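Okay, everyone, thanks for coming. Let me put the structure up and then we'll walk through it together.

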Amino acid sequence: MSTTMSAPSSTSSAAPALLDQDWRRIGKWGGLCAVAIVLVSLIGMPVGLDRRTIIEGRLSLGYMALIWIPLLFGYVVSKRVVLEGVKTPDPGARDVFAGLCAGVLSGLGPVLLILGIDNFNLRKPLVNWGPPLLEQLTFGRGIGFGVAAWFGICAVLGLLGSLMHVLPKDVRRVVSFVTYGLLSISILEAVISDLSEGFGLESLADAMYAKRGGLTVKSSIILVVVIGVFSIVTKGRLKGATSRYQELQGEERKRASIVLFSGVAGLCIVLPLFLGKIVNELLANVGLFLLLALGLNIVVGLAGILDLGYVAFFAVGGYTTAVLTSAESPFFTPELHFGFALIIVVLMAGLTGLVIGAPVIRMRGDYLAIVTLGFGEIIRLLFMSDWLKPYFGGAQGITNVPPVDLGFAVVTGIDPRSVFYLVLVFCTLAIYVSWRLQASRLGRAWMAIREDEQVAEAMGINTVNAKLMAFVVGAMMAAVSGAVLAAKVGSVFPNSFMILVSIIILVVVIVGGMGNIAGVLVGSFVLIGVLGGPRQPGLLQEFQSYKLLIYGALLVFMMLQRPEGLVPSARRSQELHQEEFLQDAWLKGVDLDREEPEAVEQPGAASGVEGEGAPA
Amino acid sequence: MSHLLEIQDLKVTFGGLDALSGLNFHVDEGEIVSVIGPNGAGKTTFFNAISGLVEATEGEILFEGESVLGLEPHQVTSLGIARTFQNVRLFPNMTILENVMVSQHCRTRQLVFGALMQTKAFKQEEREIRERAEAALGFFGSRLVGYRLEQAAFMLSYANRRRLEIARAMATQPRLILLDEPVAGMNPMETAELTGLIGRLRSEWGFTIVMIEHDMRVVRDVSDRVVVLDHGVPIAQGSYDEVSTNPEVIEAYLGRPVENRA
């Protein structure tokens with residue numbers, strides 16, 4: 001962030017122009033920003049997240065939760081609406097001044113909060129209204145300092161946010177690289193220190209991170225320089241490489257894909273050997289959820305069936321495994337080997353898929369979503385009920401599920417690395433299945449149903465059968481994930497299969513990019529890995545209590561700004577930005593229907609730029 | 001002699017409204033028949049009844065001597081009746097090639113196993129599906145092939161969407177194609193071109209065609225026979241010239257002369 005400070009001096013224009021502002025707009029965004037700061041403070045984020053340091057002694061996650069807000073709003077308030085074909089004046093001092101004003105205005109939020117906490121007692125309705133928050137907001141140096149500091153901080157942040165428009169593109173790139181890089185290195189602290197320990201480079205980790213967590217000041221300065229240089233060196237090359245890859249055809253593309261794939265596979269096999277227990281546990285969880293998400297991606301992403309009760313199949317997998325392998329399952333103890341049990345699990349899942357699917361898939365849209373939601377809960381309640389207690393153990397569940405004995409190794413929850421490898425095998429399988437099915441007769445039928453069910457039917461597709469197949473394939477993947485979970489944890493309880501699991505997997509699929517395997521991969525790593533699953537902590541363990549809030553906020557943000565997901569399938573992004581694209585093409589005089597193959601690539605490029613420009 | 005498609009006393013009722021009542025009609029192998037009539041005459045309902053999208057209240061629809069009433073739409077399609085839609089309904093997010101490949105669903109067999117194992121039979125079938133798809137698309141010249149194959153369908157112009165819909169219907173390997181306003185929204189040049197293509201659909205591909213159309217020049221140029229519907233009732237049948245001079249038809253389109261009222 002420090003690099004942004006040097007640029008503004010060059011921007012000076014006539015003073016009256018500065019005051020010729022859209023004050024209403026500034027008021028709106030500044031006010032919203034102030035409200036957002038107050039809200040985040042009262043939720044308890046600054047205090048709750050303060051334990052996690054990002055830069056030792058300078059910046060904690062708690063303050064980070066506040067300062068990104070004015071930065072973002074500063075950026076938004078000075079953003080111009082760019083119309084193709086209409087000349088937009090170059091951003092200049094006026095925009096920066098707007099950012100500054102919005103920043104100062106947003107400073108009102110924390111300032112009023114400080115004065116409020118100091119003078120009134122609202123502890124009863126607002127749990128976080130109290131001395132710890134006051135202490136945090138005033139930096140422990142008294143009211144006066146706090147008030148002045150927040151006005152100053154917000155003003156500077158608003159200014160910085162709006163400066164992003166003024167800076168030349170290259171500088172902007174360096175700034176965003178440095179910001180994102182520093183943040184990710186700090187978030188990945190556990191992984192990096194684990195890795196460096198594994199490679200015998202403890203000294204590196206010790207130098208980078210302070211004892212109580214967070215980057216040291218010295219190392220962060222070094223990192224800023226290193227990342228900055230890196231971003232300048234790699235300028236244009238990353239994008240060039242990806243677009244070159246996309247342009248490859250036929251055999252070459254195949255070869256490049258194989259190289260890429262084996263690279264990733266190699267990393268997945270080798271890296272966990274050097275990682276510690278905690279990170280491996282995390283990876284195992286990511287894998288379990290990835291497996292679920294891949295299954296749901298077939299149901300929702302390909303076939304377009306919005307299944308909100310997907311957790312039912314996860315539960316069936318877990319319980320079937322527990323009954324078949326545990327010595328303590330109440331009514332039936334064949335104590336099968338995990339391998340045999342798995343075959344039955346898959347069959348059971350298929351059967352459940354048929355049983356639940358048959359009545360459900362005759363419905364459409366909202367009705368289907370609600371009914372599946374119901375079925376998801378019904379399955380959990382059945383497992384929990386006293387009626388079936390003699391079979392499934394009711395609320396106590398089934399304990400003592402044995403670990404998986406593979407002959408050459410034993411996969412148990414105590415050794416998360418082994419679990420990860422087991423999950424990796426199943427994930428690879430699931431990815432293969434999704435990939436092959438997508439490009440088959442069945443996959444095309446699913447897509448057709450997603451696009452227009454009635455027409456699909458009229459084009460000769462037996463939609464009932466095809467949708468049932470999607471349900472069954474998805475159910476099988478979920479059940480395998482459930483089976484591994486049972487063996488990993490060593491027990492199953494109805495409460496592990498809350499409706500929340502369905503929702504979170506759905507968010508993973510949507511945020512990652514529906515109908516796209518790479519998207520689902522990225523989605524599960526980012527969401528489950530960093531934020532954590534419904535009960536599993538992620539890299540940012542401090543987020544535990546705010547996880548659902550963040551998931552929700554993320555979902556809303558993505559739906560508004562980037563509905564095609566983090567890694568969109570190319571076509572989906574084209575469609576969602578179709579209007580902009582068509583308008584652009586029209587204004588540029590491109591005749592879409594003639595020989596203009598290059599016009600096709602534009603929406604992808606446009607959305608790429610959009611994503612890069614955002615600061616926080 | 002038995003007809004390819006025979007409709008006996010067909011009646012379709014929505015609530016209290018008779019969308020179609022007492023329609024008797026037949027199509028012989030190799031014919032091109034046009035169905036015309038003012039808006040709301042029941043033409044599209046007629047198509048929907050044949051393709052199984054709406055249920056007939058009374059009557060009988062025979063295709064090659066067998067009843068298609070009560071069949072699911074996909075069963076009707078696999079018997080050999082394909083259709084297009086009045087308000088072009090493609091699969092917008094699928095590529096042009098995929099749009100035409102997917103409509104061969106009922107003519108192909110491979111399921112999960114073949115796709116996962118990449119069996120010989122699977123690859124062979126995929127190749128054939130692709131070849132047939134390209135053949136159907138190639139029927140429209142260079143417009144839908146080449147780089148276009150991998151383009152999403154929503155990127156096509158209006159006229160090309162109509163062409164793609166026809167290609168999609170062709171790929172289901174039908175004997176009878178129902179075209180619902182194939183030239184609606186096209187400019188005169190495109191219309192003339194498509195009129196020629198409809199003729200070639202019969203002569204080169206051997207399809208029998210029933211077509212709903214409002215453009216009378218197209219109707220005149222291609223149809224062997226014309227059926228006129230009004231308020232769900234057939235009011236005239238015969239060659240274009242017979243029908244176009246029929247006073248009842250003129251009345252249905254233009255209304256009755258003033259002096260005859262009273």
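This is a predicted model: local features need pLDDT of at least 70, side-chain atom pairs count only at pLDDT 80 or more; totals for chains, interfaces and linings use all residues.

Who makes the contact? On the helix 19 side of chain A we have A:V419, A:L422, A:V423, A:F426 and A:A430, and helix 22 of chain A brings A:M477, A:V480, A:V484 and A:K488. By class that's eight nonpolar residues, no polar ones and one charged.

Helix 15 of chain A, residues 311-325, and helix 16 of chain A, residues 338-360, have axes that come within 9 Å and cross at roughly 145°. The crossing of helix 15 of chain A past helix 16 of chain A is right-handed. From helix 15 of chain A, the contact residues include A:F313, A:V316 and A:G317, and from helix 16 of chain A they include A:I344, A:M348 and A:G353. Sorted by class, the contact between helix 15 and helix 16 of chain A has eleven nonpolar residues, six polar and no charged ones.

Zooming out to the whole chain. Chain A has 28 helices and four strands. Of its 616 residues, 43% count as buried. And if you take the contacts in chain A with a separation of 6 or more, 76% of them are between residues 24 or more positions apart.

A:A98 sits in helix 5 of chain A, residues 93-119. Is A:A98 buried or exposed? A:A98 has 27 C-beta neighbours inside 10 Å, so it counts as buried. Leaving aside neighbours within four places in sequence, A:A98 is in contact with A:Q21, A:I26, A:V77, A:S78 and A:S162.

Next, the two chains together. How many residues of chain A are in contact with chain B? It's 29 residues of chain A, against 34 residues of chain B. Helices 19, 20, 21 and 26 of chain A are the elements that each give two or more residues to the chain A side. Helix 20 of chain A gives the most, with seven residues. The chain A side as a whole divides into 13 nonpolar, six polar and ten charged residues.

From the chain B side, have a look at B:F91, in the loop between strand 6 and helix 3 of chain B. B:F91 has 26 other C-beta atoms within 10 Å, so it is buried. Not counting residues up to four places away in sequence, B:F91 touches A:M447, A:A448, A:E451 and A:D452 in chain A, plus B:N99, B:V102 and B:A153 in its own chain. B:F91 and B:A153 are 62 residues apart along the chain, with their C-alpha atoms separated by 6.8 Å.

Last thing, confidence. Chain A averages a pLDDT of 84, and 89% of its residues score at least 70. Confidence in chain A is highest in helix 22, at a mean of 95, and lowest in helix 28, residues 602-613, at 39. Over residues 594-616 of chain A the pLDDT is below 50, and it stays under 50 over residues 1-13 of chain A too.

Terms used:
Residues are numbered from 1 along each chain as its sequence is written. Chains are lettered from A and ligands numbered from 1 in the order in which they are written. Two residues are in contact if their C-beta atoms, placed from the backbone, lie within 7 Å. Ala, Val, Leu, Ile, Met, Phe, Trp, Tyr, Cys and Pro count as nonpolar, Asp, Glu, Lys and Arg as charged, and the others, Gly among them, as polar. Axes are lines fitted to C-alpha atoms, for helices over the stretch in contact, and angles run from 0 to 180 degrees between N-to-C directions. A crossing is left-handed if the near helix is turned anticlockwise from the far one by less than a right angle, and right-handed if clockwise. pLDDT is the predictor's confidence in each residue, from 0 to 100. A residue is buried if 20 or more other C-beta atoms lie within 10 Å of its own, exposed if 12 or fewer, and partly exposed in between; C-beta atoms are placed from the backbone.
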